[in-house]
Amino acid sequence: MKTITINKQNFEQEILNSKKQVLIDFWASWCNPCKMLSPTVDEIASEQDNVKVCKINIDEHPELAKKFFVMSIPTLVLVEKGKEINRSVGLVPKHSILEMMS
């Protein structure tokens, strides 16, 4: 599965109403750790069928970052049935993200 780019129009459908758990990657184009984490997030999206992986650019959609109280990036938030169930802040290795999702 590919990552899904989230905006105001698809936020509710893709994240809040998702039947699957959703891993959200909050990022920005100027953030080097975000750029380093992005291939790992894409890899997880292609490997994991049980989780929907989405990306939110905080510069383009600051209101969505505020909804999740994102204070620094990269931030990964795991959502189930519209509610946050886990979070990771900063550049983390793939195994830590997979652990967070289990």
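## Burial and overall form

A residue is called buried when its relative accessible area is under 20%, and exposed when that area is over 50%. By this criterion, buried residues make up 45% of the 102 residues in the protein. The model described here is a predicted one.

The protein contains four helices and five strands. Along the sequence these elements follow the pattern β-α-β-α-β-α-β-β-α. The radius of gyration is 12 Å, close to the 13 Å that the globule rule gives for 102 residues, so the protein is as compact as a globular protein of that length. Taken along the principal axes, the box filled by the C-alpha atoms is roughly 30 × 30 × 20 Å.

## Contacts, surface and charge

Among the contacts with a separation of 6 or more, 71% are accounted for by residues 24 or more positions apart. The accessible surface of the protein comes to about 5,800 Å², and carbon and sulfur atoms hold 53% of this area. The side chains include 13 positive and 13 negative ones, and the centres of these two sets lie 5 Å apart.

## The sheet

The five strands form an open sheet in the order S1-S3-S2-S4-S5, with mixed pairing. Strand S1 (4-5) and strand S5 (83-89) stand at the edges with a single partner strand each, so one side of each is left without a neighbour in the sheet.

Strand S3 (residues 51-57) pairs with S1 in the parallel sense over two bridges. Within this part of the sheet, Thr-5 has Lys-55 of S3 as its bridge partner. Strand S2 (residues 21-27) also pairs with S3 in the parallel sense, over seven bridges. Trp-27 stands opposite Asn-57 in S3.

## Strand S3 and its two faces

In a regular strand the side chains alternate between the two faces of the sheet. In S3 both faces are covered. Val-51, Val-53, Lys-55 and Asn-57 are buried on one side, while Lys-52, Cys-54 and Ile-56 are buried on the other. Seven of the seven residues of S3 are buried, so this strand is largely enclosed by the rest of the structure.

## Thr-40 in helix H2

Thr-40 has its place in helix H2 (residues 32-47). The relative accessible area of Thr-40 is 18%, which is under the 20% limit, so this residue counts as buried. When residues up to four places away in sequence are not counted, Thr-40 touches Lys-94 and Ile-97.

## The loop between H3 and S4

The loop between helix H3 (62-67) and strand S4 (75-80) holds Val-70. Val-70 is buried, with a relative accessible area of 16%. Leaving aside neighbours within four places in sequence, Val-70 is in contact with Phe-26, Ala-65, Thr-75 and Arg-87. Val-70 and Val-89 are 19 residues apart in sequence, and their C-alpha atoms are 9.0 Å apart in space.

Phe-69 lies in the loop between H3 and S4 as well. In contrast to the buried Val-70, Phe-69 counts as exposed, at 62% relative accessibility. Pro-74 also has its place in this loop.

## Backbone features

Most residues other than glycine have a negative phi, and most peptide bonds are trans. Against this background, several backbone features of the model may be noted. A cis peptide bond joins Ile-73 and Pro-74, with omega about 0 degrees. Phe-69 has a positive phi of about 55 degrees although it is not a glycine.

Lys-81, another residue other than glycine, has a positive phi near 55 degrees. Lys-81 is found in the loop between S4 and S5. At 69% relative accessibility, Lys-81 counts as exposed.

Note on methods
Residues are numbered from 1 along each chain as its sequence is written. This is a predicted model: local features need pLDDT of at least 70, side-chain atom pairs count only at pLDDT 80 or more; totals for chains, interfaces and linings use all residues. Side-chain values use heavy atoms; hydrogens and water are left out. The radius of gyration is taken over C-alpha atoms; the globule rule is 2.2 Å times the number of residues to the power 0.38. Buried means under 20% relative accessible area, exposed over 50%, partly exposed in between (1.4 Å probe, protein chains only). Contact means heavy atoms within 4.5 Å. Accessible areas come from the Shrake-Rupley method with a 1.4 Å probe; for residues, only the protein chains shown count as cover. Lys and Arg count as positive and Asp and Glu as negative; His and the chain ends are not counted. The place of a charge is taken as NZ of Lys, CZ of Arg, CG of Asp or CD of Glu. Two strands pair if DSSP finds at least two bridges between them.
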